[in-house]
Amino acid sequence: MAPRTIKLNDGHQIPWIGFGTGTALFRKDATQLVVQAIDNGINHLDGAQVYRNEDTLGLAIKESGKPRSELFVTTKLNPGETVNIKGTLEESLRKLQLDHVDLFLVHSPHPANKEGKLQDVWRQMEEVQAAGLATSIGVSNFRVEDLEQILQTAKVVPAVNQIELHPYVWDTARSIVEFGNEHGILTASYGGLTPIVRAPGGPVDPVIASIRERLEKTRGEPVSAGQVLTKWLLQKGAIVITYASLCKVQAIASDLGLTLAYRTTSKVERIKEFLDAENLPDLEEKEILAIDNAGLKRHVRAFMHVVFGETK
């Protein structure tokens, strides 16, 4: 059964969970893991020009044997490109062995916003969509001020804004999510497992543990910390991009000497576990608020410090 989809502001549908080829797969051959993800129920694939592995993503799509109509493919504009966006996407399509992508994102507002070119970049994105090279267009790592800037001249409202989203950035991400909701821009999240993978031992941990215990009693079967965080994201109205963490998180945790209470061991089982997160009972409002409040006690941004003006 395919993952459920969410309707974008342009009428197209996007699967709620996507398998990303960044982070652990950056500049690496993504073929095997992408084929594995497709074979086990994930049909939303998230790539980017800057990941330098679009060719292996394309190879995986071909080797999977999955009909193109059953896949949702995203790629993102190289942050340094502001002049020939159509040409760069055509090159990406050649590597992906596709005639179009389902979603094309401006990977970062920087440096175009610093150079006063952000509105022109978005104009070119609209032209790419009009040419049929991308079904939907959107942005990534945009702050409220970046969105406001392109909306001043935009003919097409971005369908998606993909941002780092987890409890430890909720203090700054909340205004972006709310602005997106007001303008029909769907939030896509990445780095959602940061509290348990990159910043363990923080104030969110005991809250997640308590919620896990309640959900396990309600559901009658084990629930993982990763599933709880994924459910939190879903109830924030976001879609979830895993960036290979659904296959790598256990290995990372092991390196850190952690036990994350995952009930499965193989990569395939973990893929199925993440897909199953949408079937968990909903978190109660007080539980969502408890995660929010715990997240406010610690700020951890793992990505895009330059855009958000932060230092590690």
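A residue counts as buried when its relative accessible area is under 20%. By that criterion strand β5 (residues 72-77) is mostly covered, with 6 of its 6 residues buried. The structure described here is a predicted model.

**Overall composition**

The protein chain contains 13 helices and 10 strands. It has 312 residues, of which 56% count as buried. Among contacts in the protein chain with a separation of 6 or more, 77% are between residues 24 or more positions apart.

**Strand β5 and its partners**

Strand β5 pairs with strand β4 (residues 44-46) in a parallel arrangement joined by 3 bridges. Within this pairing, H44 has F72 of β5 as its bridge partner. Strand β5 also pairs with strand β6 (residues 101-106), again in the parallel sense, over 4 bridges. Here K76 stands opposite L105 of β6.

Both pairings belong to β-α-β units. One right-handed unit is made by β4, helix α2 (residues 54-64) and β5. Another right-handed unit is made by β5, helix α3 (residues 85-96) and β6.

**Aromatic pairs**

A pair of aromatic rings is described by the distance of the centres and the angle of the planes. The search of the whole structure finds 2 aromatic pairs, and their geometry is set out below.

| Pair | Centre to centre | Angle between planes | Class |
|---|---|---|---|
| W170 and W232 | 5.8 Å | 75° | edge-to-face |
| Y190 and F303 | 5.3 Å | 75° | edge-to-face |

The class of W170 and W232 follows from the angle, because 75° between their planes exceeds the limit of 60 degrees for edge-to-face. W170 belongs to helix α6 (residues 170-183) and W232 to helix α9 (residues 225-235), so this pair ties together parts that are 62 residues apart in sequence. Both W170 and W232 are buried.

Y190 and F303 also form an edge-to-face pair. Y190 is in strand β9 (residues 186-190), whereas F303 is in the loop between α12 (285-295) and α13 (305-308); the pair therefore ties together parts that are 113 residues apart in sequence. Y190 counts as buried because its relative accessibility is 6%, while F303, at 21% relative accessibility, counts as partly exposed.

A charged group is also placed over an aromatic ring: R298 lies over the face of Y168, at 5.6 Å from the ring centre.

T21 is located in the loop between β3 (17-20) and α1 (31-39). This residue is buried, with a relative accessible area of 0%. Apart from neighbours within four places in sequence, T21 is in contact with F26, A30, V34, D46, G47, Y51, N53 and L57.

I196 is part of helix α7 (residues 194-197). With a relative accessible area of 6%, I196 is buried. The C-alpha atoms of I196 and G226 are 7.8 Å apart in space, although these residues are 30 residues apart in sequence.

Terms used:
Residues numbered from 1 in each chain as written. Predicted model: local features only at pLDDT ≥ 70, side-chain atom pairs only at ≥ 80, totals over all residues. Heavy atoms only, no water. Phe/Tyr/Trp six-rings, centres within 6.5 Å; stacked < 30°, edge-to-face > 60°. Helix = DSSP H or I, 4+ residues; strand = E, 2+ residues; numbered from the N terminus. Buried < 20%, exposed > 50% of the residue type's maximum accessible area, 1.4 Å probe, protein only. Lys NZ or Arg CZ within 6 Å of the ring centre and 35° of its normal. Contact = heavy atoms within 4.5 Å. Pairing = 2+ DSSP bridges. Right-handed = clockwise from strand over helix to strand, strands pointing away.
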